[in-house]
Amino acid sequence: MERLNLVEMRDEQAGTVVAVDGGRGLQGKLAALGVLPGARVTKTSGLRLRGPVLVEVGGTQFAIGFGMACRVFVDVEESESDAGAPPGPPDPRGDRGARR
Amino acid sequence: MKRILLVGNPNVGKSVVFSRLTGVRTIASNYPGTTVEFTRGFMRLGEEQAEVVDVPGCYSLDPSSRAEEVAVRMLEEGADVVVAVLDATHLERSLYLTLQLLERKLPVVVALNIWDETKHKGIEIDVGRLEEFLRVPVVPTVAITGAGIRDLVAAFSRTASPEVRPHTPAERWEDIGKIIAEVQWLHHRHHTLLERLQDASVRPLTGLPIAALVAVAVFAAVRYSGEGLINYVFNPLFEHAWRPLLERLSAWLGGAGFFHQLLIGKLFAGEIDFAQSFGLFSTGLYIPVAAVLPYILVFYLCLSLLEDSGYLPRLAVLLDVVFHRLGLHGFAVIPMILGLGCNVPGLMATRVLESRRERLIACTVLSLGVPCVALQAMIFGLLGPYGLRYVLAVYGTLAVVWLLSGLVLNRVLKGFAPELFLEIPPYRVPSARVLPGKLWLRMKGFLREAVPLVLAMVLVVNLLYAAGLFKALAELTAPVVSGLWGLPEEAVAPLILGFLRKDVAAGMLAPLKLSAEQRVIACTLLAVTFPCIAAFVVMLRELGWRDLLKAVGIMLTAAVLVGGAQNLVFILIAS
């Protein structure tokens, strides 16, 4: 199992939220929508150029701004398609960071 | 009087429930001490009248946004019935707020709205079991058709406030997990076409072309349908029905004189010219009713379709990157799009933005670079005959002004750009039941606000001309207007009067002998300089004097620069 933030996760990857790195305001805002430690999230997609990340939580889709998405850490599940792949996908953060 | 509060997440159909309960007798008002709006109305409850309040949509009762603060305060003021409106297709998310309401020991009834969609979505909910868990009445409703509303009202007498201790967020979600496991089953089914479109419209590769397509489609629809309505409906109406009456009045007034000038205006070769005569009954009625109304009708039809379909939040996601550079987040696209209709609702919609900084930026770029549909209608009218490229020159300049001013403000103002955090609703086919009502409300709003103002302005213009005031002003401003912008002296009056109403001001340009280039400059300046008086008042309310003065300073500076730059470009092209 791997710990990534929402920006680093790949599209269609799912996992369990382990931490929201932020103040009470941010944590409360996210918790009201079910993004809190223990919740299962699926990343639908992320927009380039430091754009928002789309996630699905409890059957609802949300767009989360890039800066906020960086602060949500997720223990990523290994999906079936990843099973045979070498451990650890290339770090997409460097990739996205470079494109800003 | 009994007090009924409708509380729920944004976008669960609260307002539709509200209008079902109250009928049409609704009044919108400002809540004292805050700028977040709520709606209030009345309904009959047995023998007595009850007040119904549509509380702003919120996700929780932890005051982390303006809407939540308002909701909490209204709940603290007390209520006889709190209707928790839930989205049955998103039960899990909706329950969080419901649990918080129960923890506050409020008299709750649950409306499981959008019930009809659960079947298409393969969601099965055991209402009885849910009632057992929550210990309050639960009523499935379909507010759009009115199904279940009667049962909901009947349940008002069975409200309950069971004993529930305060929970932490984690505990609440744990409870929700347990409830969901017991009361809801999901059946597998294939993705519908709408759902596939849903994904395509937020991915950049497919989303941007879709957005461009939507923009072009709306623009073309407004432009050509508006023109069609004018040519085939409104112009004939004015020519064949109204002109004979006016001609009689004109003859009766003797064809000239002060009152003739006021009511009918100038005659061109002995004929009334609806676009140019400038009397109260000629141009004063023609501009709002025949020149602008058709475009408004089509624009608001398109806007309502976009709003109801659920496309706008997706546009917000796609454009977040752009808006972030302006110190805003993607959701600010909604005030901008509303502003394309009329700046007033656009400016009011900036309330959804969190910080004062954001609201200043949004209001400023909106009044600088977003022309209202009334002005746009006149731009089509003034420049259309010269060719599309002149129309596009105005739009292109405004887009550049919008972008540059936002970039600069984001640099100069202290603070940071906030993050987007937005629920993406599923696409819905706009309801044919809701659409006409919404359209009618907006048309009525325009007619009620615009027509008296336009008439008043035509009157004022005539009086000021008679008093010779414009001559003095024209001489005073000649260095900028003629020297820098390359416009004739007569253009001063319309530019200044643009403060009252943009469409009439643009109408005043028509009789002037301006070249196409000069018309482009004048139209752009009308959009950039000053918001019209209605928008100005709203800006004052939303921003306060200090920020308003900043915004006005920026607008005047921008106007001087933009008019000068356009003039320079045209001179360079010509040489």
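Which residue forms a salt bridge with B:Arg129, and how far apart are the closest N and O atoms? In this predicted model, the partner of B:Arg129 is B:Glu182, and the closest N and O atoms of the pair are 2.5 Å apart.

## Overall build of chain B

Chain B contains 23 helices and 12 strands, and its C-alpha atoms, taken along the principal axes, fill a box of roughly 80 × 55 × 45 Å. The radius of gyration of chain B is 27 Å, which agrees with the value near 25 Å that a compact globule of 575 residues would have.

Of the 575 residues of chain B, 53% count as buried. When contacts in chain B with a separation of 6 or more are considered, 75% of them are made by residues 24 or more positions apart.

## Salt bridges between separate elements

Over all chains, the structure holds 20 salt bridges. In the pair of B:Arg129 and B:Glu182, the arginine belongs to helix α5 (residues 127-134) of chain B and the glutamate to helix α7 (residues 169-183) of chain B, so the bridge ties together parts that are 53 residues apart in sequence. B:Arg129 counts as partly exposed at 27% relative accessibility, and B:Glu182 is likewise partly exposed, with a relative accessible area of 38%.

A salt bridge also joins the side chains of B:Arg442 and B:Glu307, at 3.2 Å from N to O. This pair links distant parts of the chain, with B:Arg442 in helix α18 (residues 435-467) of chain B and B:Glu307 in helix α11 (residues 283-309) of chain B, 135 residues apart. B:Arg442 is partly exposed, with a relative accessible area of 22%, and B:Glu307 is partly exposed as well, with 26%.

## A network around B:Arg243

B:Glu239, B:Arg243, B:Glu247 and B:Glu271 are joined into one network by salt bridges that share partners. Within the pair formed by B:Arg243 and B:Glu271, the closest N and O atoms are 3.7 Å apart. B:Arg243 lies in helix α9 (residues 204-252) of chain B, while B:Glu271 lies in strand β11 (residues 271-272) of chain B, so that the bridge ties together parts 28 residues apart in sequence.

The accessibility of the two partners falls into separate classes: B:Arg243 is buried, with a relative accessible area of 13%, whereas B:Glu271 is partly exposed, with a relative accessible area of 42%.

## Packing of α17 and α22

The axes of helix α17 (residues 388-412) of chain B and helix α22 (residues 516-528) of chain B come within 9 Å and cross at roughly 35 degrees, and the crossing of α17(B) past α22(B) is right-handed. On the α17(B) side the contact is made by B:Tyr390, B:Ala393, B:Val394, B:Thr397 and B:Leu398, which meet B:Ala516, B:Glu517, B:Val520, B:Cys523, B:Thr524, B:Ala527 and B:Val528 in α22(B). The residues of this contact divide into nine nonpolar, two polar and one charged.

## Positive phi in two loops

Most residues other than glycine have a negative phi. B:Ile114, however, has a positive phi, near 60 degrees, and is placed in the loop between β6 (108-113) and α4 (115-120) of chain B. B:Ile114 is buried, with a relative accessible area of 11%.

Phi of B:Phe278 is also positive, near 70 degrees, and B:Phe278 is found in the loop between β11 and α11 of chain B. With a relative accessible area of 8%, B:Phe278 is buried.

Terms used
Residues are numbered from 1 along each chain as its sequence is written. Chains are lettered from A and ligands numbered from 1 in the order in which they are written. Side-chain values use heavy atoms; hydrogens and water are left out. Axes are lines fitted to C-alpha atoms, for helices over the stretch in contact, and angles run from 0 to 180 degrees between N-to-C directions. Helices (H or I, at least four residues) and strands (E, at least two) are DSSP runs, numbered from the N terminus. A crossing is left-handed if the near helix is turned anticlockwise from the far one by less than a right angle, and right-handed if clockwise. Contact means heavy atoms within 4.5 Å. Ala, Val, Leu, Ile, Met, Phe, Trp, Tyr, Cys and Pro count as nonpolar, Asp, Glu, Lys and Arg as charged, and the others, Gly among them, as polar. A salt bridge is a side-chain nitrogen of Lys or Arg within 4 Å of a carboxyl oxygen of Asp or Glu. Buried means under 20% relative accessible area, exposed over 50%, partly exposed in between (1.4 Å probe, protein chains only). The radius of gyration is taken over C-alpha atoms; the globule rule is 2.2 Å times the number of residues to the power 0.38.
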